[in-house]
Amino acid sequence: MNTKIFFAGLLLLFISVSTFAQDEFTLATEGQAAPDFTFETAPGKTMKLSDLKGKVVWINFFATWCPPCRKELPHLQEEVYDKYADNEDFVLIILGREHSWEEVNKFKSEQGFTMPFYPDPKREVFAIYAKQNIPRNFIIDKEGKIAISSIGFNESDFEKIKTKVAELIAE
(Lines give C-alpha, C1' and ligand atoms only; values in the text may rest on other atoms or scores of the structure.)
Protein backbone atom coordinates (compact mmCIF):
# COMPACT_ATOMS: atom_id res chain seq x y z
CA MET A 1 0.00 0.00 0.00
CA ASN A 2 2.78 2.47 0.90
CA THR A 3 4.55 1.63 -2.34
CA LYS A 4 1.44 2.55 -4.35
CA ILE A 5 1.14 5.85 -2.51
CA PHE A 6 4.83 6.56 -3.08
CA PHE A 7 4.61 5.89 -6.83
CA ALA A 8 1.36 7.82 -7.15
CA GLY A 9 3.02 10.78 -5.44
CA LEU A 10 6.08 10.44 -7.65
CA LEU A 11 3.90 10.36 -10.77
CA LEU A 12 1.96 13.43 -9.61
CA LEU A 13 5.22 15.27 -8.96
CA PHE A 14 6.57 14.35 -12.40
CA ILE A 15 3.38 15.47 -14.15
CA SER A 16 3.22 18.79 -12.32
CA VAL A 17 6.91 19.54 -12.87
CA SER A 18 6.91 18.55 -16.53
CA THR A 19 3.68 20.28 -17.45
CA PHE A 20 3.56 23.56 -15.58
CA ALA A 21 7.13 24.46 -14.91
CA GLN A 22 10.53 24.78 -16.32
CA ASP A 23 12.69 21.88 -17.36
CA GLU A 24 16.29 21.45 -18.41
CA PHE A 25 15.28 22.63 -21.90
CA THR A 26 13.82 25.93 -20.69
CA LEU A 27 16.20 28.85 -21.15
CA ALA A 28 13.92 31.75 -20.15
CA THR A 29 12.74 31.25 -16.59
CA GLU A 30 9.96 32.63 -14.45
CA GLY A 31 10.86 35.82 -12.63
CA GLN A 32 13.53 36.95 -15.07
CA ALA A 33 13.20 39.69 -17.64
CA ALA A 34 11.77 38.23 -20.82
CA PRO A 35 14.50 38.01 -23.46
CA ASP A 36 13.81 40.53 -26.19
CA PHE A 37 13.33 39.38 -29.75
CA THR A 38 12.19 40.65 -33.11
CA PHE A 39 9.47 38.87 -35.06
CA GLU A 40 7.66 39.45 -38.33
CA THR A 41 4.11 40.76 -37.93
CA ALA A 42 3.60 40.61 -41.71
CA PRO A 43 6.02 39.75 -44.49
CA GLY A 44 8.73 42.41 -44.30
CA LYS A 45 7.28 44.14 -41.19
CA THR A 46 8.77 43.52 -37.77
CA MET A 47 8.12 44.25 -34.11
CA LYS A 48 10.15 43.74 -30.95
CA LEU A 49 8.84 42.22 -27.75
CA SER A 50 10.23 45.25 -25.91
CA ASP A 51 7.84 47.44 -27.95
CA LEU A 52 5.03 45.79 -25.97
CA LYS A 53 6.26 46.75 -22.48
CA GLY A 54 3.31 47.86 -20.37
CA LYS A 55 1.12 45.09 -21.79
CA VAL A 56 0.55 41.51 -20.73
CA VAL A 57 1.96 39.33 -23.51
CA TRP A 58 1.11 35.67 -24.04
CA ILE A 59 3.74 33.96 -26.20
CA ASN A 60 2.80 30.54 -27.55
CA PHE A 61 5.18 28.29 -29.46
CA PHE A 62 3.52 25.58 -31.55
CA ALA A 63 3.90 23.44 -34.65
CA THR A 64 1.12 22.41 -37.02
CA TRP A 65 2.03 18.71 -36.70
CA CYS A 66 2.04 18.71 -32.86
CA PRO A 67 -1.04 16.94 -31.36
CA PRO A 68 -0.92 18.74 -27.96
CA CYS A 69 -0.52 22.06 -29.80
CA ARG A 70 -3.56 21.29 -31.95
CA LYS A 71 -5.52 20.48 -28.80
CA GLU A 72 -4.43 23.69 -27.04
CA LEU A 73 -4.96 26.20 -29.85
CA PRO A 74 -8.79 26.06 -29.89
CA HIS A 75 -8.74 26.85 -26.14
CA LEU A 76 -6.37 29.75 -26.81
CA GLN A 77 -8.74 31.05 -29.50
CA GLU A 78 -12.02 30.69 -27.59
CA GLU A 79 -10.96 31.30 -24.00
CA VAL A 80 -8.20 33.86 -24.42
CA TYR A 81 -8.08 35.59 -27.78
CA ASP A 82 -11.84 35.98 -28.18
CA LYS A 83 -11.98 37.43 -24.66
CA TYR A 84 -9.02 39.83 -24.88
CA ALA A 85 -8.70 40.65 -28.60
CA ASP A 86 -9.90 44.21 -28.02
CA ASN A 87 -8.08 44.74 -24.71
CA GLU A 88 -5.28 47.27 -25.22
CA ASP A 89 -3.38 45.78 -22.25
CA PHE A 90 -3.03 42.34 -23.83
CA VAL A 91 -1.14 40.92 -26.82
CA LEU A 92 -1.09 37.33 -28.07
CA ILE A 93 1.92 36.14 -30.07
CA ILE A 94 1.64 32.65 -31.55
CA LEU A 95 4.86 31.53 -33.20
CA GLY A 96 5.00 28.58 -35.57
CA ARG A 97 8.27 26.85 -34.78
CA GLU A 98 10.02 26.01 -38.06
CA HIS A 99 7.08 27.28 -40.10
CA SER A 100 6.88 29.84 -42.92
CA TRP A 101 4.21 32.48 -43.52
CA GLU A 102 2.61 30.19 -46.07
CA GLU A 103 2.41 27.31 -43.57
CA VAL A 104 1.04 29.32 -40.63
CA ASN A 105 -1.49 31.12 -42.84
CA LYS A 106 -2.67 27.85 -44.40
CA PHE A 107 -3.02 26.23 -40.96
CA LYS A 108 -4.85 29.27 -39.56
CA SER A 109 -7.27 29.27 -42.48
CA GLU A 110 -7.89 25.51 -42.45
CA GLN A 111 -8.56 25.51 -38.70
CA GLY A 112 -10.76 28.62 -38.80
CA PHE A 113 -8.65 30.62 -36.33
CA THR A 114 -8.81 34.42 -36.19
CA MET A 115 -5.98 34.92 -33.71
CA PRO A 116 -2.59 36.06 -35.00
CA PHE A 117 0.00 33.51 -36.09
CA TYR A 118 3.59 34.39 -36.95
CA PRO A 119 6.40 32.27 -38.38
CA ASP A 120 9.62 31.34 -36.59
CA PRO A 121 11.11 29.43 -39.54
CA LYS A 122 14.63 29.00 -38.18
CA ARG A 123 13.67 28.65 -34.48
CA GLU A 124 15.40 31.96 -33.83
CA VAL A 125 12.86 33.14 -31.27
CA PHE A 126 12.22 29.69 -29.84
CA ALA A 127 15.99 29.19 -29.32
CA ILE A 128 16.07 32.20 -26.98
CA TYR A 129 13.37 30.69 -24.76
CA ALA A 130 13.87 26.92 -24.96
CA LYS A 131 15.80 24.11 -26.57
CA GLN A 132 12.88 21.75 -27.25
CA ASN A 133 9.33 20.64 -26.33
CA ILE A 134 6.12 22.27 -27.50
CA PRO A 135 3.59 23.61 -26.96
CA ARG A 136 5.18 26.20 -24.72
CA ASN A 137 3.63 29.29 -23.25
CA PHE A 138 5.33 32.26 -21.67
CA ILE A 139 3.26 34.93 -19.97
CA ILE A 140 5.06 38.27 -19.77
CA ASP A 141 3.81 40.81 -17.23
CA LYS A 142 3.50 44.55 -17.81
CA GLU A 143 7.01 45.08 -16.42
CA GLY A 144 8.47 42.73 -19.02
CA LYS A 145 9.15 39.79 -16.67
CA ILE A 146 8.19 36.18 -17.21
CA ALA A 147 5.25 35.50 -14.87
CA ILE A 148 4.48 31.98 -16.09
CA SER A 149 6.26 29.39 -18.19
CA SER A 150 4.44 26.21 -19.21
CA ILE A 151 5.20 23.14 -21.26
CA GLY A 152 2.64 20.85 -22.86
CA PHE A 153 -1.09 21.18 -22.53
CA ASN A 154 -3.70 20.11 -20.04
CA GLU A 155 -6.92 21.91 -19.25
CA SER A 156 -6.37 22.42 -15.51
CA ASP A 157 -2.99 24.10 -16.04
CA PHE A 158 -4.48 26.17 -18.86
CA GLU A 159 -7.14 27.38 -16.41
CA LYS A 160 -4.41 28.47 -13.97
CA ILE A 161 -2.61 30.36 -16.71
CA LYS A 162 -5.83 32.12 -17.75
CA THR A 163 -6.50 33.12 -14.14
CA LYS A 164 -2.99 34.58 -13.82
CA VAL A 165 -3.38 36.47 -17.11
CA ALA A 166 -6.65 38.00 -15.90
CA GLU A 167 -4.92 39.08 -12.66
CA LEU A 168 -2.00 40.61 -14.56
CA ILE A 169 -4.28 42.52 -16.92
CA ALA A 170 -6.26 43.88 -13.96
CA GLU A 171 -3.10 45.23 -12.24
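1. Glu 98 sits in the loop between β4 (90–97) and α3 (101–111). The model is predicted. Phi of Glu 98 is near 65°, a positive value, and the residue is not a glycine. Glu 98 has a relative accessible area of 44%, so it counts as partly exposed.

2. Arg 123 also deserves a look. Its phi is near 60°, again positive in a residue other than glycine. Arg 123 lies in the loop between β5 (117–120) and α4 (126–129). With a relative accessible area of 24%, Arg 123 is partly exposed.

3. Next, the cysteines. How many disulfides does a search of the whole structure find? The search finds one. The disulfide joins Cys 66 to Cys 69, with an S to S distance of 2.5 Å. The cut-off for calling a disulfide is within 2.5 Å. Both Cys 66 and Cys 69 are buried.

4. Which hand does this disulfide have? The torsion about the S-S bond of Cys 66 and Cys 69 is about 75°, so the disulfide is right-handed.

5. Asn 60 is part of strand β3 (residues 56–62). Its relative accessibility is 0%, so Asn 60 counts as buried; the cut-off for buried is under 20%.

6. What does the side chain of Asn 60 contact? It makes a polar contact with the side chain of Glu 72, at 2.9 Å. Leaving aside residues up to four places away in sequence, Asn 60 touches Glu 72, Leu 73, Leu 76, Ile 93, Ile 94, Leu 95, Arg 136 and Asn 137.

Terms used:
Residues numbered from 1 in each chain as written. Predicted model: local features only at pLDDT ≥ 70, side-chain atom pairs only at ≥ 80, totals over all residues. Heavy atoms only, no water. Buried < 20%, exposed > 50% of the residue type's maximum accessible area, 1.4 Å probe, protein only. Helix = DSSP H or I, 4+ residues; strand = E, 2+ residues; numbered from the N terminus. Polar contact = N/O pair within 3.5 Å; in protein donor to acceptor, adjacent residues only side chain to side chain. Contact = heavy atoms within 4.5 Å.
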